[in-house]
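Have it open while you read.

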Amino acid sequence: MLFHYNWAVREEWFAWCEEISEAELLKPRTGGVGGILHTLFHVIDVEWIWIRVLQGKSDFNDSFDDYRSIRQVRELEAAFRPEVESFVLNWNEGMENREFRDTGPGGNETLDTWGEVVRHMIAHEIHHVGQLSVWSREIGRKPVSANLIGRGLASGKRG
């Protein structure tokens, strides 16, 4: 349900961005990975990379410099979503406690579970949506609602 929540909110942010000038979308902001559009690129990129890493596949090495319009970021999301959604929809209890070993840049190895990684992915996007909300207020615009209630996610009707 929380992936569907993130995807619904993301879609609303895309629509929000279409009403904002490219200069505002690209403007560097305090906190986060850059600006509004760069942050949307980042959450899409990170979501897909984690799914790929869990499956033992190669990750994505493109730069935000290649995706500097809302159209390009939407196209990237559309390209990545089928694989992410397939993984999420095929999640089962047996995947929850699978070990995930990660070696950090300093060579330190950490041991987590797939369940922890998946929940991190959800929290990661929610964190960045909060940043988008702050930035939208800074430019005098109403942010997208982050409310989970009223979206019909638990009942299966997406709305």
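1. First, what counts as a pair: rings of Phe, Tyr and Trp (its six-membered ring) pair if their centres lie within 6.5 Å. On that basis, a search of the whole structure turns up eight aromatic pairs. Take W13 and W16: their ring centres are 4.9 Å apart with the planes at 65°, and planes over 60 degrees apart count as edge-to-face, so that is the label for this pair.

2. Both of these Trp residues, W13 and W16, sit in helix α1, three residues apart, or about one turn of the helix. W13 has 1% relative accessibility, so it counts as buried. W16 is at 7% and therefore counts as buried too.

3. How are the rings of W48 and F80 arranged? Their centres are 4.0 Å apart and their planes at 10°, so this pair is stacked. W48 belongs to helix α3 (residues 36-54) and F80 to helix α4 (residues 70-89), so the pair ties together parts that are 32 residues apart in sequence. W48 and F80 are both buried.

4. F41, F64 and Y67 are linked into a cluster by ring pairs. R98 lies over the face of W114, 4.7 Å from the ring centre.

5. Now the hairpin. Strands β1 (residues 99-103) and β2 (residues 109-113) pair antiparallel over five bridges, with E99 opposite T113 in β2. Five residues separate the strands, and G107 in this hairpin takes a positive phi near 90°.

6. Keep in mind that this is a predicted model. Mean pLDDT for the chain is 93, with 97% of residues at 70 or more. Confidence is highest in helix α1 (residues 2-17), at a mean of 97, and lowest in β1, at 91.

Methods. Residues are numbered from 1 along each chain as its sequence is written. This is a predicted model: local features need pLDDT of at least 70, side-chain atom pairs count only at pLDDT 80 or more; totals for chains, interfaces and linings use all residues. Side-chain values use heavy atoms; hydrogens and water are left out. pLDDT is the predictor's confidence in each residue, from 0 to 100. Helices (H or I, at least four residues) and strands (E, at least two) are DSSP runs, numbered from the N terminus. Two strands pair if DSSP finds at least two bridges between them. Rings of Phe, Tyr and Trp (its six-membered ring) pair if their centres lie within 6.5 Å; planes under 30 degrees apart count as stacked, over 60 as edge-to-face and the rest as tilted. Buried means under 20% relative accessible area, exposed over 50%, partly exposed in between (1.4 Å probe, protein chains only). A charge sits over a ring if NZ of Lys or CZ of Arg is within 6 Å of the ring centre and within 35 degrees of the ring normal.
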